[in-house]
Amino acid sequence: MKKLIIGILFFSTSVYAQEFNFEIHNTKLTDYLKMEERLGSERIPTTSNYVSFGGEAQPIKFLRTEKIIPDLTVYYFFKKTDSTMSYVLYEWDVSNFEKQDNIQKSNIFQKALIGKYTELKKHISKNFGQPVVKRNYSNISQLDSINTFVENSTWKPNDSTEIEMYATVSNYYERKGAMTINPTHRLRLYIKNQAKGKEKEVPKLNDKKLSDLEIIKTEFFKALKARDLPKSKSFLSDLIREKVTDGQINMLIDNINFDKETKLIYSGIQMGLDGSMFTLLQYKYSDDNSNPPSEIIKLTFDDKNKVVGIQPIKLQKKIND
């Protein structure tokens, strides 16, 4: 049902559904990334360190090729803890690509950038109503109001979402001593998550869940020890089961000593990039008294108690001079 709802929301945004997604509360980070992949966008590195006081991670950036107007840079900002979307920024800005002073553009270029703003404004208004508009609010427009286009539009579809878009298109150039006013050709579109609720908390692993997983682990290990591959695969998540080969399972079996008893040394919850929850269990062999253990076995379960990862690891011991 959730996928169906998301599909309807994408459909409601008409033509721009293939380029933008305004439903920030109903779209996961992974959905945004898949959209960029589908569009053939280029993922680009974040070269500057983004400082956040709200718990955001470093943004993920993409570049989309445009005609006439500047190429579009897309920024995805999300929370470190659970990858909840904070906001999305779409930016068409000459200064991202041309760094020198006094970059003036042709009338064709300026009309194309203003046209992009007008077209987006019309589309967003069709879906979310008329915006609150501010015009000629910048210093540039006050200095050269005839040749400068400056406008800001804001929509608030609900109490927890804000869509803001502004454009500044000007060839005005002035230099007075240390002060320089450069031509500006910029269009920015923000989609902001303004929910004031508490951040999603990572749940604690209770005794019942741990007991259930311990039983599953025991049965899983029995199937592996017997080299019963069909039964072993039944413990795996659908995604893993589709990709794993018999050879990989046999290699795994060869790297675990099933004749030895194991002891749980760590358990916890881990959150995935898309907000999904995983349970992590780590075991050592019971007769291993070294610290840290010389070998551990990592097991990861999804929220359906299916195995999504198993990894036997041999730890290197420190050698003291």
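Is strand 13 (residues 295–301) largely enclosed by the rest of the structure, or is it left exposed, and how many of its residues are buried? Here are my notes, with that answer in point 6.

1. First, the ground rules. This is a predicted model, where local features need pLDDT of at least 70, side-chain atom pairs count only at pLDDT 80 or more, and totals for chains, interfaces and linings use all residues. Residues are numbered from 1 along each chain as its sequence is written, and side-chain values use heavy atoms, with hydrogens and water left out.

2. Start with the open sheet: 8 strands, antiparallel pairing, in the order 1-2-3-4-10-7-6-5. Strand 1 (42–44) and strand 5 (132–135) are at the edges with a single partner strand each, so one side of each has no neighbour in the sheet. From one strand to the next, the twist averages 15°. On wording: strands (E, at least two residues) and helices (H or I, at least four) are DSSP runs numbered from the N terminus, and two strands pair if DSSP finds at least two bridges between them.

3. Now zoom in on one pair. Strand 3 (residues 72–78) runs antiparallel to strand 4 (residues 85–93), with 7 bridges, and Y75 stands opposite L89 in strand 4. Helix 3 (residues 107–128) packs on the sheet, and among the strands it touches are strand 4, strand 5 and strand 6 (149–158). The helix direction makes about 20° with that of strand 6. Contact here means heavy atoms within 4.5 Å, while axes are lines fitted to C-alpha atoms (for helices, over the stretch in contact) and angles run from 0 to 180 degrees between N-to-C directions.

4. On to charges: the whole structure has 18 salt bridges, each being a side-chain nitrogen of Lys or Arg within 4 Å of a carboxyl oxygen of Asp or Glu. In one of them, D93 and R186 bring their closest N and O atoms to 2.6 Å. D93 belongs to strand 4 and R186 to strand 10, so the pair ties together parts 93 residues apart in sequence. D93 is buried at 3% relative accessible area, whereas R186 is partly exposed at 22%. (Buried means under 20%, exposed over 50%, partly exposed in between, using a 1.4 Å probe and protein chains only.)

5. Another salt bridge joins K121 and E151, at 2.7 Å from N to O. With K121 in helix 3 and E151 in strand 6, the pair ties together parts 30 residues apart in sequence, so look for it between helix and sheet strand. K121 counts as buried at 17%, and E151 does too, at 5%. There is also a network of salt bridges linking K156, E162, E164 and K192.

6. Back to the opening question: 5 of the 7 residues of strand 13 are buried, so the strand is largely enclosed by the rest of the structure. Strand 13 pairs antiparallel with strand 12 over 6 bridges, with T279 opposite F301. Strand 13 also pairs antiparallel with strand 14 (residues 307–314), over 7 bridges, and T300 stands opposite G309 there. The hairpin of strands 13 and 14 has 5 residues between the strands, and N305 takes a positive phi near 65°.

7. Finally, a curious lysine. K284, in strand 12 (residues 277–285), is buried yet has no salt bridge; D288, the nearest side chain of opposite charge, is 6.0 Å away. (Lys and Arg count as positive, Asp and Glu as negative; His and the chain ends are not counted.) The K284 side chain does reach the backbone oxygen of D288, at 3.0 Å.

Notes. A polar contact is a pair of N or O atoms within 3.5 Å; within protein, one must be able to donate a hydrogen and the other to accept it, and residues adjacent in sequence count only if both atoms are side-chain atoms.
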